Amino acid sequence: MKRIIYLLGFMTTSFLTTNLNAQTASKTIVIDAGHGGSDVGSKNNAIVESQFTLEIAKKIQQLAKEKNIEVILTRDEDKIVDFENRLSKINSIKPDLVISLHVNNSQNRTTNGSEVFIYKNNTDEKTAQIGSDLAELISFNSIENRGLKKQNFRILRDSQVPAFLLELGFASNDKDIEVLKAADYQKQLAEKIVNYLENYKTI
Ligand SMILES: [Zn+2]
């Protein structure tokens, strides 16, 4: 019961926050920092995916405040948030779009580059356009563009708004790690994403 009351309280609070901000914000975006807590995701001695994605998500949220874009995070701490919670948050907020941040991993340590995924059955041209724009955008500082791909990832399938999963580079590739761990890259990445969110057309 306690849990239900807690949940109701949480839902009411987030509903109110969303509604108040919706009056002023030009766009509402959900940034989903992949993994969290004991679910660390891809890992090496320089990068832990769950912490890395959270840092980038917070940077994006911070920069977006100056641009009249409301950015809501699916988690703002390094803790586990299960998929049900992430999806119910997304589908109750109904943002203009969802960006899920990840770092890739491969058995083959020479595999490198960034890529963007949209839902495998998505036929919407606008979504594909935004997806390939994002793929271009996150490929910089010698991170190679592996392009826009389609997949059946749950966050893409079950989000009721356009959703994009960004694999920013490979934690298993030394060249990518060098770029990803640099503070300058992280700052530029957040700036590029926020500039795009500010300028893309919602229709
Ligand atoms: Zn991941």
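## Exercises on a predicted model

Asn 141 is partly exposed, with a relative accessible area of 34%, where buried means under 20% relative accessible area, exposed over 50% and partly exposed in between (1.4 Å probe, protein chains only). The model is predicted, so local features need pLDDT of at least 70 and side-chain atom pairs count only at pLDDT 80 or more, while totals for chains, interfaces and linings use all residues. Residues are numbered from 1 along each chain as its sequence is written, and side-chain values use heavy atoms, with hydrogens and water left out.

**Exercise 1.** Work out which residues of helix 7 are buried, and how they are arranged around the axis.

*Solution.* Take the extent of the helix to begin with: helix 7 covers residues 183-199, which makes 17 residues. The buried residues in helix 7 are Tyr 185, Gln 186, Leu 189, Ala 190, Ile 193, Val 194, Tyr 196 and Leu 197. They lie on the same side of helix 7, because they cover an arc of only 160 degrees around the axis, the arc being that of the directions from the helix axis to the C-beta atoms. On the other side of helix 7, Ala 183 and Asn 199 are exposed.

**Exercise 2.** Describe how helix 4 packs against helix 7.

*Solution.* Helix 4 (residues 125-137) packs against helix 7 at an angle of about 155 degrees, with the axes 10 Å apart; axes are lines fitted to C-alpha atoms, for helices over the stretch in contact, and angles run from 0 to 180 degrees between N-to-C directions. Helix 4 is therefore roughly antiparallel to helix 7, a term for angles over 145 degrees. The contact (heavy atoms within 4.5 Å) is made by Ile 130, Asp 133, Leu 134 and Leu 137 of helix 4 together with Lys 192, Ile 193 and Tyr 196 of helix 7.

Technical notes:
Helix = DSSP H or I, 4+ residues; strand = E, 2+ residues; numbered from the N terminus. Expected span 1.5 Å × (residues − 1). Parallel < 35°, antiparallel > 145°, perpendicular 65-115°, else oblique.
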